[in-house]
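I opened this notebook to record what I looked up in one structure. The entries follow the order in which I worked.

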Amino acid sequence: MMLIKVLHMSFGVLAILMFAARAILGAMAPSPSGQLASAGLSKFFKIAPHIVYTVVIVAGVAMLLQLPLYPHWILAKIVLFLVAISASVKAFRATATVSQFKTGVFVASVAYAAILWLAIAKPVL
């Protein structure tokens, strides 16, 4: 279980770091759709998030299956993860406008921050 937890946490941090790198590249580019092509990272940032999110999900499900009871905050983390992915997809779409990019990055950032808070605090909801 500990190896799965380390894998889950490591890839979760990697997902957040990749999101931050993509957001920074997008903020520095003249248009959000041009940020990756100019840096030559377009293919990497299209494939890598799928792999990272898959590992986060598979490791998370593996940990959940080992628990006799599910804490209430788990459902909140799952919903926030879906919100973060959805907002990221909208923000980093090639046809995204500047306002869609900014809004998507903001919403995903708030979702990731809430996920981190839930993971650390593990509140009783």
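**Entry 1: ground rules.** I noted that this is a predicted model, in which local features need pLDDT of at least 70 and side-chain atom pairs count only at pLDDT 80 or more, while totals for chains, interfaces and linings use all residues. Residues are numbered from 1 along each chain as its sequence is written, and side-chain values use heavy atoms, with hydrogens and water left out.

**Entry 2: the whole chain.** I found five helices and zero strands in the protein chain. Helices (H or I, at least four residues) and strands (E, at least two) are DSSP runs, numbered from the N terminus. Of the 125 residues, 32% are buried. Buried means under 20% relative accessible area, exposed over 50%, and partly exposed in between (1.4 Å probe, protein chains only). I also looked up contacts, meaning heavy atoms within 4.5 Å. Among contacts between residues at least 6 apart in sequence, 73% join residues at least 24 apart.

**Entry 3: helix α1.** Helix α1 covers residues 2-28, and its 27 residues reach 39 Å from the first C-alpha to the last. This is close to the expected 39 Å, the expected span being 1.5 Å times one less than the number of residues. I listed H8, A15, M18, F19, R22, A23 and G26 as its buried residues. An α-helix has 3.6 residues a turn, so residues three or four places apart point the same way.

**Entry 4: α3 against α4.** Helix α3 (residues 42-65) packs with α4 at about 170°, their axes 13 Å apart. Axes are lines fitted to C-alpha atoms, for helices over the stretch in contact, and angles run from 0 to 180 degrees between N-to-C directions. The two are therefore roughly antiparallel, a term for angles over 145 degrees. Y53, V56, I57 and L64 of α3 meet I74, F81, I85 and S88 of α4.

**Entry 5: α4 against α5.** The axes of α4 (residues 73-91) and α5 (residues 98-121) come within 8 Å and cross at roughly 160°. This pair is therefore roughly antiparallel as well. The contact includes W73, L80 and F81 of α4 and F101, Y112 and L118 of α5.

**Entry 6: Q100.** Q100 touches K90, A91 and T95, not counting residues up to four places away in sequence.

Methods:
Parallel < 35°, antiparallel > 145°, perpendicular 65-115°, else oblique.
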